2 protein chains.
Amino acid sequence: MATELIRPILTVDVVLLTLHDDRIQVVLQAREKAPHAGQLALIGGYVHPEEDPSTQTAAARVLRGKAGLSVRVLEQLMTFSGGSRDPRGWSASVAYYALLPHRDFAARGDASLRMLPVAEAKGLPFDHDAIVAGAIQRCRRRAAYSSLPAFLLPPEFTLPELRRAYEAALGRSLNDSAFRRKIDELRMIEPVAGSLSKVTARPAQLFRLTKANVVEFDRTV
Amino acid sequence: MATELIRPILTVDVVLLTLHDDRIQVVLQAREKAPHAGQLALIGGYVHPEEDPSTQTAAARVLRGKAGLSVRVLEQLMTFSGGSRDPRGWSASVAYYALLPHRDFAARGDASLRMLPVAEAKGLPFDHDAIVAGAIQRCRRRAAYSSLPAFLLPPEFTLPELRRAYEAALGRSLNDSAFRRKIDELRMIEPVAGSLSKVTARPAQLFRLTKANVVEFDRTV
């Protein structure tokens, strides 16, 4: 008789990041079932070979199915594995990070979801602390040379909003005029014709990412 | 009766890179078994939950067991997955890249192993072409800000050898004096006391990485 091959558990976990109060926040979900039932953890689940074309689409399915959310940026971080990270057995979890404008999170109004500033998202079950730390580090690096932080905002935003998104993602403040020069050089954004933000007392011009910058990330989803 | 959970296949694949004739080369291995028996492919294998503490150690075990090689740099690239990449079923492969001095490869003398310049390593089975392309891209990026290319060389090397390793990894030529200045600034290397290379007519000083630079990568293995 052939020995049955022991196959590890394969899951996906998503570090869902948003921007609120000028800070990067991670969206966690109360676990429905054991292990760690009731505890806040990353949004995640099993890969379903019978329906998932890839782990990437599995992560999107889990976000949609468990949290009712869809995102414009969903990128693979790395895979965490081992025999002790999950009491159900030897497992590998392909970790992703995703960016969501806060208003999309707020509109969802799902009581199982909770947003925490990254510094306070500690003591999570499994190895989720390490996964969150890895995602923050990766996002910080990506923010230094890409339009990534813009995806923390709605598709139309003011220049000050964009600068604050960069500052939160980079974890440091930026000189305003140097920031504007850099954004100009990169041709990252374009004004939205006839659109002014009415959030502040003085209406401000609204911008959006240029097509090339949106496409860069859409390719990865 | 409970429905048996369909668990995907979990493998590791290693993009083993070396430097020869001033070009980055990838070490491939003839496959022993179906699928694609006899064809050259990345060195890889199943993850063994009963013996592998992680996919990282699985990759090191496979390199050692199938190719008799151990490496100083072994880093996770990303996970490739899906139902059509492997005829045995839905699979996820955690891909790694590893760097090996050419003399270690030559000393091994394993007839199942073959070294090919990266540009010629095309038409590989599974999705190995995409995995190789991803590894080259990642190494190029890493080379721009780290000591990674030094690991293509033996632990002691001359400055011209180090420059050629950087040029091969970056895929472009470097100005020699600017290169020396940069290496100095980064305090990346130190002279090996009393050691001169006798490979060329005029003996040249040998250098090695400073401890901090070796440690950076040793942490990842």
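This is a predicted model: local features need pLDDT of at least 70, side-chain atom pairs count only at pLDDT 80 or more; totals for chains, interfaces and linings use all residues.
Residues are numbered from 1 along each chain as its sequence is written, while chains are lettered from A and ligands numbered from 1 in the order in which they are written.

**Exercise 1.** Find out which domains chain A is divided into.

*Solution.* Start with the bounds, which come from an automatic or database domain assignment: domain 1 covers 9-143 and domain 2 covers 148-218 of chain A. Next, take the C-alpha centres of these two domains of chain A: they lie 26 Å apart.

**Exercise 2.** Work out how domain 1 of chain A touches domain 2 of chain A.

*Solution.* First, count residues in contact (C-beta atoms, placed from the backbone, within 7 Å): 14 residues of domain 1 of chain A meet 15 residues of domain 2 of chain A. Then look at the elements, which are DSSP runs numbered from the N terminus (helices H or I, at least four residues; strands E, at least two). On the domain 1 side, strand E1 (9-20), strand E2 (23-30) and helix H3 (128-143) of chain A each supply at least two residues. The largest share of that side, 4 residues, comes from H3(A).

**Exercise 3.** Compare the radius of gyration of chain A with that of a compact globule.

*Solution.* Finally, note the spans of the C-alpha trace of chain A along its principal axes: about 75 × 30 × 30 Å.

Methods: Two residues are in contact if their C-beta atoms, placed from the backbone, lie within 7 Å. The radius of gyration is taken over C-alpha atoms; the globule rule is 2.2 Å times the number of residues to the power 0.38.
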